[in-house]
Amino acid sequence: MGKTKLSSVIAGTMNWGVWDKNLSAKEMENIISICLENTITTFDHADIYGAYTTEAAFGQAFSGSKIAREKVQFISKCGIQLVAESRKNNIKHYDYSKEYIIWSVENSLKNLQTDYLDVLLLHRPSPLMQADEIAEAVSKLKTEGKIIDFGVSNFTASQTEMLRQKTEICYNQVQFSATHFEAMLDGSFDYMQTHSIQPMSWNPLGTVFREDNPQTRRLKKLLAKLVSKYEVGSDTILLSWILQHPARVIPIAGTVNVARIQSLKKAVSLQLEKEDWFAIWTESMGNKVP
């Protein structure tokens, strides 16, 4: 696990900027404050969000909030090269050269108006990544105090192990939810627990509220009963399901809805009965557990 203590639920900023909500600096400032009031102190970024614009928008808002930097934790990711106005890229690709990783982190620090990242993650694995070169970049950034902890995102166990041989890996941010539960079956979480790597879960609500198909209909029918039983919202139950996995998964919630932010901390204290936990998995699969 990392040296930095992250909050039990992380605020995801991917949709805060021009890619979706297009929040003003004042609106971002307000959401940051509401997150802190509700024990969410960790904010998940990536350089590419908003086509390389959201980090700077957040940095402006955080600076305006006058919140002390040591009260929050910033995660950011690098490595994806998008085709965007601010980049001379002809095709989406990955770059994990030592020079690019260092440049990218320094750029994120400038945009976020901070001296350090609590966690740096490599955004997605590249077939061309060289573990030695990545380790050199990480070592330099840690020595200079520009990052505290290092991890990966969307990496398989074998890809992570290749890097772990050269540098400490504290986190892996993967897709995990009631509708996308492969990480707990394909060895990913087993590997992370074995090597004290803490998972973060992106899209923790899965497709339950986004798609209408047999899987989501089964889950919604069950969730209606569980909402009545536990007297909390469906989203709280789905996050609690994630939090109960022994890998100590940290869900990343992208909501900017104030009521939903306020309800997130209920998931941390909610303990689902074991049969209800298995019922959610069962309805997601559409059959009994093996």
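Predicted model: local features only at pLDDT ≥ 70, side-chain atom pairs only at ≥ 80, totals over all residues.
Residues are numbered from 1 along each chain as its sequence is written, and side-chain values use heavy atoms, without hydrogens and water.

**Helix packing**
- The axes of helix H3 (residues 54-65) and helix H4 (residues 98-112) cross at roughly 40° and come within 7 Å.
- Glu55, Ala56, Phe58 and Gly59 of H3 meet Ser108, Asn111 and Leu112 of H4 (contact: heavy atoms within 4.5 Å).
- The residues of this H3 and H4 contact divide into three nonpolar, three polar and one charged.

**Aromatic pairs**
- There are 15 aromatic pairs (centres of Phe, Tyr or six-membered Trp rings within 6.5 Å; planes under 30 degrees apart are stacked, over 60 edge-to-face, the rest tilted).
- Phe62 and Phe74 have ring centres 5.2 Å apart and planes at 80°, so the pair is edge-to-face.
- Phe62 lies in helix H3 and Phe74 in strand E3 (residues 73-78), so the pair ties together parts 12 residues apart in sequence.
- Phe62 is buried at 6% relative accessible area, and Phe74 is buried at 0% (buried: under 20%, 1.4 Å probe, protein chains only).
- Ring pairs link Phe176, Phe181, Phe189, Trp241, Trp277, Phe278 and Trp281 into a cluster.

**Charge over rings**
- The charged end of Arg69 sits over the ring of Phe74, 4.2 Å from its centre (CZ of Arg or NZ of Lys within 6 Å of the centre and within 35 degrees of the ring normal).
- The charged end of Arg69 also sits over the ring of Tyr116, 4.0 Å from its centre.

Methods
Axes fitted to C-alpha atoms, helices over the stretch in contact; angles between N-to-C directions. Helix = DSSP H or I, 4+ residues; strand = E, 2+ residues; numbered from the N terminus. Nonpolar A, V, L, I, M, F, W, Y, C, P; charged D, E, K, R; others polar. Buried < 20%, exposed > 50% of the residue type's maximum accessible area, 1.4 Å probe, protein only.
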